[in-house]
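Here is a short report on selected strands, helices and charged pairs. Please keep the structure open while reading.

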Amino acid sequence: MKLMHCPLNGWRNVGEFVYGGEVTPTPAHDADPKAWADWVFMEDNTAGVVREWWFHSPSSYWFIAERDNVRDVVLRTYPPEEIFRERVDFSREGARNE
Amino acid sequence: MNERLPTPWGALLDREQPVTFTFEGERVGGYAGDTVSSALLGRGTWLQGRSFKYHRPRGPFTLVGDDANCLVQLPEEPNCPAEHIAAVAGLNVQGQHYSGSLKRDRARFMERFARFFFVGFYYRAFYRPRGIWDYWEKFIRRAAGLGSVNTNTAHCYRDKQYAFCDVAVVGSGAAGLSAALAAADSGADTVLIEREPVLGGGLNYHRFDADGSVGSALRAELVERAERHEHIRVYRDTQCTGRFGDNLLALVHANRLTKLRAGRVVVATGSIGQPAVFRYNDLPGITTGSGVQRLMRLYGVKPGQRAVCVTANGNGYGVALDLADAGIEVAAVVDLRKRPAAEPRADLVRERGIAVHPDSGIVHAVERDQHVAGLRVTRRSQAERDGAPGTDIECDLVTVDVGATPAISLIAHAGGDVSYSNETHGLTVRELPPGMHVAGSVAGPCSLSGARAEGEAAGRAAASGAPAALPVPTERDGPENDPWPIFAHPKGKEFVDFDEDLTIADLRNAVREGFDSIELVKRFSTVGMGPSQGRTAAVNAVRITADQLGESVEGARASTNRPPAIPERFGHLAGRGFDPVRYTPMHQRHVDAGATMMVAGAWMRPAYYGRDGQAAVREEVRAVRENVGMIDVTTLGGLEIRGPDAVEFMNRMYTFAYRKQPVNRSRYLLMTDDTGSIVDDGVAARWADDHFYVTATTGGVDSVYRRMLWWNAQWRLDVDIANVTGAWAGINIAGPNARAVIEKLDSDIDFSAEAFPYIEARSGRLADIPVRVLRVGFVGELGYEVHCPAGCAEALWDRLIEAGREFGIRPFGVEAQRVLRLEKGHIIIGQDTDNLTHPEEAAMGWAVQRKKPFFVGFPALKARESQTLTRRLVGFRLPADTDPLPEECHLVIDGDRITGRVTSISYSPTLDRPIGLAFVDPERTEPGTPFTIKGSGGTLIEAEVCAAPFYDPDNERQNL
Amino acid sequence: MALGLLKQGLRRKYKPQPVLPPRPELKSSYDVVIIGAGGHGLATAYYLAKEHGITDIAVLDKGYLAGGNTARNTAIVRSNYLTPEGVRFYDESMKLWEGLSNEFDFNIQFSHRGHLTLAHADSTLRTMRWRAEVNKHMGVDSELIGPEDIRRLCPQLNLSEEARWPVLGALYHPPGSTARHDAVAWGYAHGAAKRGAEIHQHTEVTGFRTEGDRVTEVETNRGKIRCGRVLQAVAGASSQVGAMAGLRLPIHTVPLQACVSIPMMPFLDPIIVSGTLHTYIWQTGRGELVMGGSSDPVPGYMTRSTLDFKESLMAHVMELFPFLGEVRLNRQWGGMTDMTPDFSPVMGETPLTNYYIDAGWGTWGFKATPVCGYRMAETVAKGTAPDILKPFRYERFDTFDQVGERGAASVGH
């Protein structure tokens, strides 16, 4: 098995992790259905370095990895706070998250 | 006749311990230390296998199992390489793939029809008239296959171990030993892996110099140091079958698979002797030179009386000298080179009067009694000319040293680039994968001193983490490979691939059939697809294919080298086959009460109590309706949602509304995924403004938990989510006497109807056990779902059983619960819903609060609900005498159209008729509307839509 | 019958009857450019030529002919799907399979094995019954059977109630078959080339030139080609090629591994599949056990082999067949599969008016080779997709309109 570096726990067997999909910004809560359908179903499916959600199962910890999915090499892992810094509000104006 | 050589030949043998086993019914005598193959060879039995297509006689070629000529059958094990079976007393060994006996294989008649079995012949026949292949295939299936599997073989014990090291060295020849010592001397924690029973590799048997002393001296020095070294762990008799991500090595030895994680790997696996291709080159008695040297030095076998040594480098001369030393007559050294280089071994051969034929080619071998009896050689340029004059040399042993191919499997597994080089006339490593070093002949022909130096350098580099260096081919001065040790004969039978019985013409014809690359040639001809995976065929196949295509062979690749490097048993990979099962804390109580347990995801739950399912379920249902029952609901799981944003979080994760849910009250939960499909339901009890306790569906809580964490990693709400499933247990006690039972227990909770109405929740103590109690309505009776810490579960169970004894309390299982909830029309997620069901379809629109700005799945739901509904879940009933009853997933049809299906159905003991839930046409959902179910055998059954709940429609009983 | 063998064998000199055509020069324009010379691409070229008289076709592949998933799959062919639209589609494929060897004049070794999908839990049993009922209703031979019948069909299977996951029943699909996967591609290639289509190996598409909503030129490493119509059929590269055409697809690419044992005398007749145990296994005419499991847990563009794949697979194989411990594994390999959210393909038209797509074949593509070729040829020839393909249209995801197939793909993913 390959090894993966969990930001919380250090190097672990990749079997301890669950892949969680591409990191893509969620549409605004009131965006039109097509935007949501795109977000739910459509993928870049890039060959190369991708940014992904990963979950360390034993410690129930979600984090983000930058991975080269052709060479099967994880370049970097980091906590989600690095990208998701603020509380997401669904105000009437349709607040966005980034 | 005693074929064994005297000591010091036969270093692995313990001649004090003779061993007898049977082969093909005959007694074979050998010694401890022998393999089955060496013991057979020791008494002159070279015929150890039969070829796949033509049933030609075969014997060991590499003598170490790199070829697959000697696959034999053990009572419990097919396809066992005879070279790898230790000879032990009482072993019962049979040959494989013959008709009659191994010695007299009737199926060899196939060889006479070889002309009809040209390459890819099975694509050209057996399909006309249409359908005839079914008939032919039966014969072909029976003719194919090698060993037989014994379907009574027990599931053997094999286990697995994890190991770790800084540097792993694979191979313990001169290069490997040097690498391991250098790494260990640098302080690295080093593992040395060797597939043979002894360390040393070629140092054990190769003749590097004229008098043959260099090898053993070096061996003594290096092996002794390695075995004593405090930083080296030695694995002998261990195959490294693969290298996987981040230098994870699979090591197979005895009954164990060791998964070794190495910081760096040094590959020093050496090379594999290659055949010369000429007519009848596959006969028993034609072997590699190094194989014969190993046979003599390690196993003390006298390989023949009169030998010919075919060579294209200095090694054949070393072999000739060894043979002569052992008392075998060497009729000739046949050198393919036009001008063989001068060197001490060749000089000594001449001095000893052994005939040398330079610039030679081979016309054919001669067969007698299924063994080689002679070789016809000629001038190299004439070898393929029909009728050219030649020399016939009588012999019963032919050794071949025309080249070796690097054993690059592990390098290939790791993604290293390997291709043919015109400099070395063989496959060569072009680029090393990260974290991997090489040393010795695995990087191409090299000298002994070169192997040592490279090993030392590689070991040091691996220990220090320095980059790996690829040796430069031209600087290595090793035994050269012949670029074309291939001699076509007009009558053919020059075998390129022994496993598949493929000849030169077969490969050339494959190209002519339009398969114009090595990959396509491989797939069409099956070259390299047999048990030896091209280890002795790929290089010549690459050469012939390139030649036929008119392309340069420089840079040509053999087809991808994949794990395992050598065949490995299923049992080693499976190990003990651990498959965890999850028990609730009350599991033993169920077992003791005679429950029939059932699989529920990873959990085990009681299906019913007793052996007779039908009777038990009926009685359990009655007990709950008329009296009191209790069921273990631990598997529903538990989550704590706490914090200032708890309500906001609940509102976003679930479809319903939670802001106004009062404290100490429960509320239904429904969860949809991003596509608006229902994925889970449950109940949430609110303990405080900022505290919810959530239960889910059996086996569902872990994925709900994961989803929640994922969403909140993005929303960053001020809420803490904890999965407390393992910490809590739950029992649901239900029935008209439920209150009477629970009130018997000491408690600070007032269970009266006024103080604790339906749908409310309380926490406190019950019989000294801290509890959370929810009044929920799944089975439709007065009931209390009591949650307690897991450690108190058995005590709680016992208290309730005891308190309920005077009422005749009955534990009930999943099957009864299914009927009870069906009588109330409640859905089970995953049974009454599938992975596309949205709330409207399941008549759950009431659980969706559309005024919220967002919940998971809301945008999808809005989109889907704007489309016409195609189905809707309804309750239905059938006449009481319906027999047989339709089953779940029997279809609902309207003429030819499938309009839905039955999702739940059961005979209701309470209502005395069958009831169920089904998806039907959304236009036909009025109670009383008939619809058609297609039951067993296509019988059409008329059902009637019926409002749910079927039982106690006003919910009076659960509100008691 | 074996006449062909006799004729060839009796000749003095072997006379090749070329299966694959020689490599042609790349022209500057074609009526139809098919990207991907795997089973689907070649089948489409074949039916375009045979059924629609369209022969000015170039089939391009960046690698060697059918070297992608066609070379790597485990060759199981069946039609026991869950949805009526799926069953209809795969059943049409089965009908085409039956006559294929004769149509090609080339034996693709289409072998009737019988197919058993085991159920180890109540919920699975229900789903098997659902499939059986839909199959039967659509005229496809499938039935839910119990342990006794399973024992008759496969006496070696472990039916012990003490097993960790006892077998409760199975979906039995007698028409389930296997075929020699490479041979299918060669048969289609031969038939297409015979009728004028050109196959260009080692020709990689590097981009498209579009004018408005049409593709006017296909750019390759060997030159540019003007094109009338274009079809992409490139499992493992669908998103990359699609992106060049401005398409975003509902696909993520996940490795799928498989492995094979050393040949043995025949002992296993039917194809055995277990979703719960993530295992499928069958024995070839050569005697090898071909085995596979669920997709890799992590997406990626890799064909590398892993150790945990075969560890868990062998543990499960031995749960089904405990006596296989001493049998040896000979080779493992991998391919790249394009997985879709609803385990159904993406077929038919795209927003570009002359660009068609055949993608999203995940782990269910090989069995569809004939029907896909047949119906995509119809689509390209007529310019619109026929009704049978409409459930798989590209736009279905815009309206959250998934096909309900999850549960019929053989193993869990």
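Two strands count as paired if DSSP finds at least two bridges between them. This is a predicted model.

Strand S18 of chain C covers residues 346-349 and runs antiparallel to S19(C), with four bridges joining the two. One bridge sets C:Glu349 against C:Tyr356 in S19(C). A hairpin of five residues connects S18(C) to S19(C). S19(C) also pairs with strand S12 (residues 223-232) of chain C, in the parallel sense, over three bridges. There, C:Val230 stands opposite C:Tyr355.

How many of the five residues of S19(C) are buried? Five of the five are, so strand S19 (residues 355-359) is largely enclosed by the rest of the structure. Buried here means under 20% relative accessible area. In a regular strand, side chains alternate between the two faces of the sheet. On one side of S19(C) lie C:Tyr355, C:Ile357 and C:Ala359, and on the other C:Tyr356 and C:Asp358. Both faces are covered.

**A one-sided helix in chain B**

Helix H7 of chain B spans residues 344-351, and its buried residues are B:Arg345, B:Ala346, B:Leu348 and B:Val349. Seen down the axis of H7(B), the buried residues fall within an arc of 160 degrees, so they line one face of the helix. B:Pro344 and B:Glu351 are exposed on the other side. The cover over the buried residues includes helix H6 (315-325), strand S17 (329-335) and strand S18 (356-357) of chain B. Just after H7(B), B:Gly353 has a positive phi of about 80 degrees.

**Salt bridges**

Over all chains, the structure holds 109 salt bridges. Three of them are listed here.

| B:Asp34 | B:Arg4 | 2.7 Å |

B:Arg4 and B:Asp34 are both buried. B:Asp834 is buried, at 14% relative accessible area. B:Arg901 is buried too, at 4%. C:Asp91 and C:Lys95 sit four residues apart in helix H4 (residues 84-98) of chain C, about one turn of the helix. C:Asp91 is buried at 15%, whereas C:Lys95 is exposed at 58%.

Chain B also has a network of salt bridges, whose members include B:Arg56, B:Glu111 and B:Lys493.

**A nonpolar patch**

C:Leu3, C:Leu6 and C:Leu10 make a nonpolar surface patch of about 310 Å². C:Leu10 belongs to helix H1 (residues 3-10) of chain C. C:Leu10 is exposed, at 57% relative accessibility.

How values were computed: Residues numbered from 1 in each chain as written. Chains lettered and ligands numbered in written order. Predicted model: local features only at pLDDT ≥ 70, side-chain atom pairs only at ≥ 80, totals over all residues. Heavy atoms only, no water. Buried < 20%, exposed > 50% of the residue type's maximum accessible area, 1.4 Å probe, protein only. Patch = residues over 30% accessible without salt bridge, like charges linked within 9 Å, V, L, I, M, F, W, Y side chains within 5 Å. Areas by Shrake-Rupley, 256 points an atom, 1.4 Å probe, with all protein chains shown as cover. Salt bridge = Lys/Arg side-chain N within 4 Å of Asp/Glu carboxyl O. Arc of directions from axis to C-beta. Contact = heavy atoms within 4.5 Å.
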